[in-house]
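This report describes a single protein chain for a reader who has the model at hand. Please consult the sequence and the coordinates alongside the text.

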Amino acid sequence: MRSLWWKGCWMGILAWLLGGCSDLARELDPFMQLKSGMSGAQVIDKVGPPQYQQAMPTGEIRWDYTLGPEGQQNYFLWFDGTLNFQRLEPLLSRQNFSQIHTGMTAMAVREKLGPYFYERVYPFKEGVTREWRFADTPSSQTELFYIEFDAQERVQATGYRPDPRQEHG
């Protein structure tokens, strides 16, 4: 887990250093270098072991990668039943965020976005607020997407806010 955290930090630093060179940052991202048909062992050599693996009812196998807490991306990697890499699914995107709706369960949100990076618990309010840090491109500033959950772990509200790290340098 620690090695993926460091990879996430490294990618954030690299994107910051490259500034406007988002194409180069993308080329250097090991996840963007994965090719369809690679074996599971080749994928692990390239990006490290997943945090979680799940066999899906379709026969596919899904590996979860979270480049947090400092990284700005969660990925699902999809494999066929013989562990041949099929596709990469970036999870932290405005398109995925737009699919989160009132009443959705926390588990359904996790299936859409992967794990959150931060949770706020308010002492006099039932429920929690969870946040996902993301960047639209490797060189753009990070933002936070937040979801307010009620005591039954159902979505009550969503929104965006600036990343406090960006506001204070």
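Asp-64 touches Pro-50, Gln-51, Tyr-52, Tyr-75, Phe-76 and Arg-110, leaving out residues up to four places away in sequence; contact here means heavy atoms within 4.5 Å. The model is a predicted one, in which local features need pLDDT of at least 70 and side-chain atom pairs count only at pLDDT 80 or more, while totals for chains, interfaces and linings use all residues. Residues are numbered from 1 along each chain as its sequence is written, and side-chain values use heavy atoms, with hydrogens and water left out.

Asp-64 belongs to strand β2. Helices (H or I, at least four residues) and strands (E, at least two) are DSSP runs, numbered from the N terminus. With a relative accessible area of 2%, Asp-64 is buried; the term denotes under 20% relative accessible area, exposed denotes over 50%, and partly exposed lies in between (1.4 Å probe, protein chains only).

The table lists side-chain polar contacts. Such a contact is a pair of N or O atoms within 3.5 Å; within protein, one must be able to donate a hydrogen and the other to accept it, and residues adjacent in sequence count only if both atoms are side-chain atoms.

| Side chain | Partner side chain | Distance |
|---|---|---|
| Asp-64 | Arg-62 | 3.0 Å |
| Asp-64 | Arg-110 | 3.0 Å |
| Asp-29 | Tyr-75 | 3.2 Å |
| Gln-33 | Lys-46 | 3.3 Å |

Asp-29 is located in the loop between α2 and α3, and its relative accessibility of 11% makes it count as buried. Gln-33 also has its place in the loop between α2 (22-28) and α3 (40-47), but Gln-33 is partly exposed, at a relative accessible area of 28%. Its C-alpha atom is separated by 9.5 Å from that of Val-47, 14 residues apart along the chain.

The chain contains 6 helices and 8 strands. An open sheet is formed by 4 strands in the order β1-β2-β3-β4, with antiparallel pairing; two strands pair if DSSP finds at least two bridges between them. β1 (52-55) and β4 (85-90) stand at the edges with a single partner strand each, so one side of each has no neighbour in the sheet. Strand β3 (residues 74-79) pairs with β4 in the antiparallel sense over 5 bridges, and Leu-77 has Leu-88 in β4 as its bridge partner. Helix α3 lies across β2 (61-66), β3 and β4, and runs at about 5 degrees to β2. For this angle, axes are lines fitted to C-alpha atoms, for helices over the stretch in contact, and angles run from 0 to 180 degrees between N-to-C directions.

A nonpolar core is a set of buried Ala, Val, Leu, Ile, Met, Phe, Trp, Tyr and Cys residues joined through side-chain atoms within 4.5 Å. In the largest one, of 14 residues, Ile-100, Val-109, Leu-113, Phe-145 and Ile-147 touch the most other members. At least two residues of this core come from each of α5 (106-113), β6 (128-134) and β7 (143-149). A second, separate core of 13 residues includes Leu-34, Met-38, Val-47 and Leu-67.

Of the 169 residues of the chain, 38% count as buried. The average pLDDT, the predictor's confidence in each residue from 0 to 100, is 84 for the chain, and 79% of the residues score at least 70. Over residues 14-22 the pLDDT is below 50, and this stretch has 11 contacts in the model beyond near neighbours in sequence.
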